Amino acid sequence: MSDSLVIAGREFKSRLMVGTGKHATNAVMKECLERSGAEIVTVAVRRVNLDKPQEKSLLDYIDTKKYTILPNTAGAYTVEEAVRLARLGRAAGLSDLVKLEVIGDPDTLLPDPVATVEATRILVEEGFIVLPYTTQDPIVARRLVEAGAATVMPLGSPIGSGQGCLDFTAIKMIIDRVSVPVIVDAGLGVPSDASAAMETGADAVLINTAIAQAGNPPLMAEAMKLAVEAGRMAYKSGRIPRRAYASPSSPTEGLPK
């Protein structure tokens, strides 16, 4: 049976998305992409040399026949900035997909929920497939879906913090309340974080810093791949219930007394 991740009618085998920032070199980034098995790769529009196409850019290290480019609006603090970056990315031929980020605070880098909903509505009306980065608030997630979001991407913890997912209950509330894929984005630090998110029922995870700044980034990329696959299989398998008391591994029913 197929277990593809489906976003706006597009199917992907991998449920691990990876970012392209913070790598020591573009060559290391390229190896990480290969080892991760990811099919969707995020690229900050601000980091692409749109004005100087003759110069070598980040995109020269990404096989666009192999990977789906997901432009993101990283660095935007207003609706206008985010919409402008999305339009620039599409005009440059990157994609009609956009990972929408509208940051509300420069210290925490937490998203601005109100601005994110507004920007989502504008971009959807312009024909974009919008994947918005959001808080762990299930009400905001529902508003984003009502605005036309193709996914919702709640943070696990603050961007780049490596704290893992701080509130799985909130993530589960979002999963139970929306009809689009839920992708845990930001803050995951180790493979067990990614696996736990998948075991909770997330449809995918997006990881950048935990791979790019690991001691051995390519090896960590492969570890994240395996963790996501294991977490997905565990979720589909169905875990045993938690019990207050022990339950013997060897049943005693029917044995002679």
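**Figure 1. Helix 8 and the second largest pocket.** In this predicted model, helix 8, residues 217-237, contributes the most to the lining of the second largest pocket. Its share is 6 residues. The pocket has a volume of about 250 Å³. Its lining comprises 14 residues, and D3, K13, R15, E229 and R232 come closest to the pocket centre. By class, the lining of this second largest pocket splits into 7 charged, 4 polar and 3 nonpolar residues.

**Figure 2. The largest pocket.** The space in the largest pocket amounts to about 580 Å³. K22, E101, I159, N208 and T209 are the closest to its centre, out of 31 lining residues. The lining of the largest pocket is made up of 13 polar, 12 nonpolar and 6 charged residues.

**Figure 3. The buried face of helix 1.** Helix 1 spans residues 26-36. Its buried residues are M29, C32, L33 and S36. Viewed down the helix axis, these residues fall within an arc of 100 degrees, so they line one face of helix 1. An α-helix has 3.6 residues a turn, so residues three or four places apart point the same way. The cover over the buried residues of helix 1 includes strand 3 (16-19), strand 4, helix 7 and helix 8. G37 follows helix 1 and has a positive phi, near 75 degrees.

Figure 4. R35 and E31 pair through their side chains in a salt bridge, with an N to O distance of 3.5 Å. Both belong to helix 1, and because they are 4 residues apart, about one helical turn separates them. R35 is partly exposed, at 28% relative accessibility. E31 is also partly exposed, with a value of 35%.

**Figure 5. The salt bridge between D96 and R10.** The structure holds 12 salt bridges. One of them joins D96 to R10, with the closest N and O atoms 2.9 Å apart. D96 sits in the loop between helix 2 (79-91) and strand 6 (97-100), while R10 belongs to strand 2, residues 10-12, so the pair ties together parts that are 86 residues apart in sequence. D96 has a relative accessibility of 28%, which means that it counts as partly exposed. R10, at 31%, is partly exposed too.

Figure 6. The salt bridge between R87 and E126. The side chains of R87 and E126 form a salt bridge, at 2.5 Å from N to O. R87 is in helix 2, and E126 is in the loop between helix 3 and strand 7 (129-134). The two residues are 39 residues apart, so the pair links distant parts of the chain. R87 has a relative accessible area of 43% and is partly exposed. E126 is partly exposed as well, with 29%. L123 and its contacts. L123 is placed in helix 3, residues 113-125. Its relative accessibility is 0%, so L123 counts as buried. Beyond its neighbours within four places in sequence, L123 is in contact with V83, A86, V98, L100, F128 and V130. A194 lies 71 residues from L123 along the chain, and the C-alpha atoms of the two are separated by 29 Å.

**Figure 7. T169 in helix 5.** T169 is found in helix 5, which covers residues 168-177. Is T169 buried or exposed? With 52% relative accessibility, T169 counts as exposed, because the cut-off for that class is over 50%. Q136 is 33 residues from T169 in sequence. In space, the C-alpha atoms of T169 and Q136 are 9.4 Å apart.

Conventions:
Residues numbered from 1 in each chain as written. Predicted model: local features only at pLDDT ≥ 70, side-chain atom pairs only at ≥ 80, totals over all residues. Heavy atoms only, no water. 1 Å grid on protein atoms, 1.4 Å probe; cavity = no way out; pocket = protein on both sides within 12 Å on 5 of 7 lines; lining within 4 Å. Points joined across faces, edges and corners; volume = space filled by probe spheres on them. Nonpolar A, V, L, I, M, F, W, Y, C, P; charged D, E, K, R; others polar. Buried < 20%, exposed > 50% of the residue type's maximum accessible area, 1.4 Å probe, protein only. Contact = heavy atoms within 4.5 Å. Arc of directions from axis to C-beta. Salt bridge = Lys/Arg side-chain N within 4 Å of Asp/Glu carboxyl O.
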